[in-house]
Amino acid sequence: MAAISALTLTTVLIVVTSLLPQSSCRYNGKYRALGSSPVEYVTTANFSVANLPTDTHLEFRRCHFPSFGPDMFKTLKASTRRITFRKGTVREMLIGSTTRLERIQVIDTGLVSLRASDEPNNYLKQLTVRSRKFSEWSPSLTSLRMLEEIDVAYCNLSYLNVQWFEDNNHLKMLDVSKNGLVVFDIGMSSIPKLERLHLWGNHLKELQRFPEAFPKLKKVTLAQNRWLCRWVANIRGAIVSQGVELMDMDGVCRVGWQINGGLCCRSGEDRKAATSQRKTNEKSLIHGGHDFIGMNGSVFGMKWRNTIVYVGEPLPIL
């Protein structure tokens with residue numbers, strides 16, 4: 001009896017399998033529970049004829065698209081609202097104005113260039129990039145007007161200009177952690193609705209007009225940078241008075257550095273080092289074609305889990 005049941009079950013499985021739709025891509029529905037429907041091994045050559053699922057979230061795994069542009073976005077089903085590219089290849093991406101996706105993630109694909117068309121896109125809300133080859137933020141991305149979250153942590157950006165984001169009235173989270181940021185140029189610009197800003201793990205020394213340039217800011221990460229102690233000391237009161245919460249802090253500082261309000265910093269730079277750094281900044285800004293405005297902090301304060309931390313005061317034990 002058991003043998004007959006096993007044989008019957010095997011027969012049913014064979015019949016069901018034969019009825020599954022055939023596709024030029026590998027699609028495995030067992031990942032539905034994880035919130036995405038995987039599509040594997042598709043290339044530019046067969047993308048237009050691939051039998052893509054109609055699910056809300058598609059995850060392209062180990063697919064190869066040297067360039068992914070508006071025409072390919074149009075091939076997606078109308079029901080698709082979110083796509084993820086993981087592993088594989090996506091070197092360049094151009095997001096058109098008619099792209100109706102709400103979220104795009106490009107992870108470990110070797111992405112080099114990310115741009116948007118001149119016409120505004122009023123659909124995309126979340127954008128995530130993970131690529132050490134992604135080193136330049138294109139000002140064309142200002143046309144993505146509905147963005148609420150930008151996550152480009154673990155990339156290779158060295159320069160960002162807040163002016164590129166100030167017309168975005170929906171942006172609430174900006175994460176540029178673990179890049180190579182030397183300049184986060186605020187100037188006289190601001191991001192009116194920004195609530196979370198993540199800057200830890202960069203090469204920043206000071207920020208001008210911080211946090212006043214972000215009037216709605218609630219949470220910030222600043223650890224693992226190269227802060228100057230005079231900037232840290234000057235800026236602390238503003239963080240407290242604006243009610244911003246410092247979400248991280250440094251542990252042991254390197255030799256010659258000191259802890260100040262939870263952040264490792266240097267007490268100052270000699271004239272030779274300062275001159276060298278100024279020349280480096282001027283050179284990078286000339287290459288980038290951006291105007292440079294000096295960075296001047298005013299007052300500063302930090303709050304760690306509702307505890308105000310002042311210079312010389314021990315940090316709360318968590």
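**Strands, disulfides and salt bridges**

Me: How do β6 and β8 pair, and over how many bridges?

Reply: Strand β6, which covers residues 89-95, pairs with β8 in the parallel sense, and the pairing runs over four bridges. Please keep in mind that this is a predicted model.

Me: Which residue is the bridge partner of Met-93 in β8?

Reply: The partner of Met-93 there is Leu-114.

Me: What sheet do those strands belong to, and in which order?

Reply: They belong to an open sheet of three strands, ordered β4-β6-β8, with parallel pairing. The edges are taken by β4 (64-68) and β8 (113-116); each has a single partner strand, so one side of each has no neighbour in the sheet. On average, neighbouring strands of this sheet are turned by 20° against each other, direction ignored.

Me: What holds strands together in general?

Reply: Strands of a sheet pair through backbone hydrogen bonds, and the pairing is either parallel or antiparallel.

Me: And β5, which strands does it pair with?

Reply: Strand β5 (residues 82-86) runs parallel to strand β3 (residues 57-61), with five bridges between them. Five bridges also join β5 to strand β7 (residues 103-107), again in parallel. On the β7 side, Phe-85 is placed opposite Val-106.

Me: Let me look at Thr-84. Buried or exposed?

Reply: Thr-84, a residue of strand β5, has 0% relative accessibility and therefore counts as buried.

Me: What does its side chain make polar contacts with?

Reply: The side chain of Thr-84 has a polar contact of 3.0 Å with that of His-57. Another polar contact, of 2.7 Å, joins the side chains of Thr-84 and Gln-105. Leaving aside residues up to four places away in sequence, Thr-84 touches His-57, Leu-58, Glu-59, Phe-60, Gln-105 and Ile-107.

Me: Glu-59 is on that list. Which residue does it form a salt bridge with?

Reply: Glu-59 meets Arg-61 in a salt bridge between their side chains, at 2.9 Å from N to O. Glu-59, Arg-61 and Arg-86 are linked in a network of salt bridges.

Me: How many salt bridges does the structure hold?

Reply: There are nine salt bridges in the structure. As a general point, side chains of opposite charge can pair when their charged atoms come close.

Me: Which one involves Arg-230?

Reply: Arg-230 and Glu-206 meet through their side chains in a salt bridge of 3.2 Å, N to O. This pair links distant parts of the chain, 24 residues apart: Arg-230 is in helix α3, while Glu-206 is in the loop between β14 (196-198) and β15 (219-221). Arg-230 is partly exposed, at 47%, whereas Glu-206 is buried, at 14%.

Me: And where are Glu-245 and Lys-219?

Reply: Glu-245 is in strand β17 and Lys-219 in strand β15, 26 residues apart. They form a salt bridge in which the closest N and O atoms are 3.2 Å apart. Glu-245 is buried, with a relative accessible area of 18%, but Lys-219 counts as partly exposed at 31%.

Me: New topic: how many disulfides are there?

Reply: The structure holds two disulfides. In one of them, the sulfur atoms of Cys-229 and Cys-265 are 1.9 Å apart.

Me: What about Cys-253 and Cys-264, right-handed or left-handed?

Reply: The link of Cys-253 and Cys-264 is left-handed, with -95° about the S-S bond. Cys-253 is in the loop between β17 (245-246) and β18, and Cys-264 is in strand β19, eleven residues apart. Their sulfur atoms are 2.0 Å apart. Both of these cysteines, Cys-253 and Cys-264, are buried, and so are both Cys-229 and Cys-265.

Me: What is the pairing if the bonded cysteines are numbered in sequence order?

Reply: In that numbering, the pairing is 1-4, 2-3.

Me: Last one: which sheet contains β19?

Reply: Strand β19 belongs to an open sheet of three strands, in the order β16-β19-β18, with mixed pairing. Its edge strands are β16 (227-228) and β18 (258-260), each pairing on one side only. Two bridges join β16 to β19 (residues 263-266), and these two strands run parallel. Trp-227 stands opposite Cys-265 in β19, and Cys-265 is the disulfide partner of Cys-229.

Terms used. Residues numbered from 1 in each chain as written. Predicted model: local features only at pLDDT ≥ 70, side-chain atom pairs only at ≥ 80, totals over all residues. Heavy atoms only, no water. Pairing = 2+ DSSP bridges. Axes fitted to C-alpha atoms, helices over the stretch in contact; angles between N-to-C directions. Buried < 20%, exposed > 50% of the residue type's maximum accessible area, 1.4 Å probe, protein only. Polar contact = N/O pair within 3.5 Å; in protein donor to acceptor, adjacent residues only side chain to side chain. Contact = heavy atoms within 4.5 Å. Disulfide = S-S within 2.5 Å. Salt bridge = Lys/Arg side-chain N within 4 Å of Asp/Glu carboxyl O.
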